[in-house]
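Hi,

Here is the structure I promised to pass on.

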Amino acid sequence: MRFRHRAAAGFATLLLPFAGLVGLASPAQAATEATATYVKSQDWGNGFEGKWTVKNTGTTAISSWTVEWDFPSGTSVTSGWDADITSSGNHWTAKNKSWNGSLAPGASVTFGFNGTGTGAPANCKLNGGSCDGGPTVPGDNPPSAPGTPTASGITDTSVKLSWSAATDDKGVKNYDVLRGGAKVATVTGTSYTDTGLTKATDYSYTVQARDTADQTGPVSGAVAVRTTGDDGGPGPQPGAKVNLGYFTNWGVYGRNYHVKNLVTSGSAEKITHINYAFGNVQGGKCTIGDAYADYDKAYTADQSVDGVADTWDQPLRGNFNQLRKLKAKYPHIKVLWSFGGWTWSGGFPDAVKNPAAFAKSCHDLVEDPRWADVFDGIDLDWEYPNACGLSCDTTSAKNAFSSMMKAMRAEFGNDALVTAAVTADASAGGKIEAADYGTAAQYIDWYNVMTYDFFGAWAKNGPTAPHSPLTSYSGIPQQGFNSAEAIAKFKATGVPATKLLLGIGFYGRGWTGVTQSTPGGTATGPAAGTYEAGIEDYKVLKNSCPATGTIAGTAYAHCGTNWWSYDTPATIGSKMTWAKNQGLGGAFFWEFSGDTGNGELVGAMANGLK
């Protein structure tokens, strides 16, 4: 029985219709009555996320807005939201949507985009005038951009910002401090303490210099700040990133991996959540996956988390009882029961015909009095709504997924965690587009985005490629099959970044009959694996076929005629930094037993998410 997640994932950036420049409407108001400020809110090396904020600084309403700017050659917009963005060469134009063009005095609106390249916008115009609402002085150059601010002294309600000075041919007069693109202060020095903030809240700050003629220069880079404090709730406290691992019930057999291994490896101290995989979906209901492993298997004293042996007549044994003991020892850990998976997703289309009844069956099982204290919520792993996985769903409507998640939230209430594992196939017309994940996001705590298994030896002749690329690269077999673009597409559907977790595989995928050491080589078939051809645990590969290079943020290895790709502690560290820079809620991995006996991959994730 095959349970491993197989995302067969891909992604294509939302391409905008950049053919031709849309003609500008007549300015709704003079430029001196509105401003447009730019922030590079995320940067992942060969791509970035940019945001513009348009603010009405006048005394009368604005009925529409148009922002124009120039990018240097090599920098361009690839997808956008909350504005219609077009281009003519290197000149870019963003016009309001039908629903966000009107701005009352003092009101503001933000639109954003994903882009490629490293350039910054120049020659900004808002409704045909200056974007900063200030003057343009012939013969007097505006100031340069200040240095990106650094943050210190962060409290529940304040933060101190410092930056390096800008330069100007006539002298810098002062600096505007921008929070989320809106000016909050003007200071003469190169530091400022912002107060009156909300605890456990994310903020973004930039700085802009003004010269003696009151001309403003370009905006600095952005610094992300999260104030201290927490607001409670069933999940991780705000400011703490989710570090979630899948524990498989069948792992107690041939893999000989048990709950106690989380203790002996040191992993239990470093994780925040466990997804227990899997429960089945049959006859429109959630059902037990493996009764023996789940709640019947007896553990001896040396096998048990607390050193106490199971007895023949105790009411609960197996993994559930061991998880109960684990939570007693590590009370910070939350456990969710995951239903479905690659093999057992075929029951979802029938179950969602009556979402309320399905949700009730799941709640009744998860909250069974024998083990209700073990679980903190439910995870739904449907591979895939209105699309093909092991089997094809040809009957569900596009809103079947959100209807299911809405029913789950209603049944489990707000005190339980409700999550879902979702595809990373964001190719044009791909699996992300097949379901209404954006609508469903309001009902869930987070999505586990399965950003692995993009490529593998099911393509037995290759080309060889990393199965979990963070970004695209020259020669990638399928454009858009990478983590960065998958996350970007979920954001574009309206899913908040904090509700997205980046997926890491604790295994490699490989081919044999390969002579080329770099990616893109031909092969004769899948490489031999311990449990399945073409797949092997990291704990084996790190010694049997050590990494010889990296591509797109993932390691690869060529040993003999075998070629493997997998994540190492180093590549995981880089991916966790990327996840934090994206503002993601954290990361998850499949699955514990692929790690080393001392939990080095779990440790790399935990250290990277700090």
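A word on the ground rules first. This is a predicted model, so I kept local features to pLDDT of at least 70 and side-chain atom pairs to pLDDT 80 or more, while totals for chains, interfaces and linings use all residues. Residues are numbered from 1 along each chain as its sequence is written, and side-chain values use heavy atoms, with hydrogens and water left out.

**Helix packing**

Helices and strands here are DSSP runs numbered from the N terminus (helices H or I, at least four residues; strands E, at least two). Take helix α11 (residues 569–581) and helix α12 (residues 600–609): they pack at an angle of about 30 degrees, and their axes are 8 Å apart. The axes are lines fitted to C-alpha atoms, for helices over the stretch in contact, and the angles run from 0 to 180 degrees between N-to-C directions. α11 and α12 are therefore roughly parallel to each other (angles under 35 degrees count as roughly parallel, over 145 as roughly antiparallel, 65 to 115 as roughly perpendicular and the rest as oblique).

As for who touches whom (contact means heavy atoms within 4.5 Å), α11 brings Pro 569, Ile 572, Met 576, Thr 577 and Lys 580. From α12 come Glu 600, Leu 601, Ala 604, Met 605, Gly 608 and Leu 609. The residues of this contact split into seven nonpolar, two polar and two charged.

**Salt bridges**

I called a salt bridge when a side-chain nitrogen of Lys or Arg lies within 4 Å of a carboxyl oxygen of Asp or Glu. The count comes to 19 salt bridges by this rule. For the accessibilities below, buried means under 20% relative accessible area, exposed over 50%, and partly exposed in between (1.4 Å probe, protein chains only).

- Lys 97 and Asp 84 pair up at 2.8 Å, N to O. The two link distant parts of the chain, 13 residues apart: Lys 97 is in the loop between β6 (91–95) and β7 (108–116), and Asp 84 is in strand β5 (residues 84–88). Lys 97 is partly exposed at 25%, and Asp 84 is partly exposed at 40%.
- Arg 317 and Asp 296 have their closest N and O atoms 3.0 Å apart. Arg 317 sits in the loop between α2 (291–296) and α3 (318–329), and Asp 296 in helix α2, 21 residues apart. Arg 317 is buried at 16%, whereas Asp 296 is partly exposed at 34%.
- Lys 353 and Asp 350 meet at 3.7 Å, N to O. Lys 353 is exposed at 64%, while Asp 350 is partly exposed at 40%.
- Arg 255, Asp 537 and Lys 539 are linked in a network of salt bridges.

**Backbone**

Most residues other than glycine have a negative phi, and most peptide bonds are trans. Here are some exceptions to look up.

A cis peptide bond joins Glu 383 and Tyr 384, with omega about 10 degrees; Tyr 384 is in the loop between β21 (377–381) and α7 (400–412). Asn 386 is in the loop between β21 and α7, and has a positive phi of about 55 degrees. Asn 386 is partly exposed at 30%.

Gly 462 and Pro 463 are also joined by a cis peptide bond, with omega about 5 degrees.

Cheers

Key. Ala, Val, Leu, Ile, Met, Phe, Trp, Tyr, Cys and Pro count as nonpolar, Asp, Glu, Lys and Arg as charged, and the others, Gly among them, as polar.
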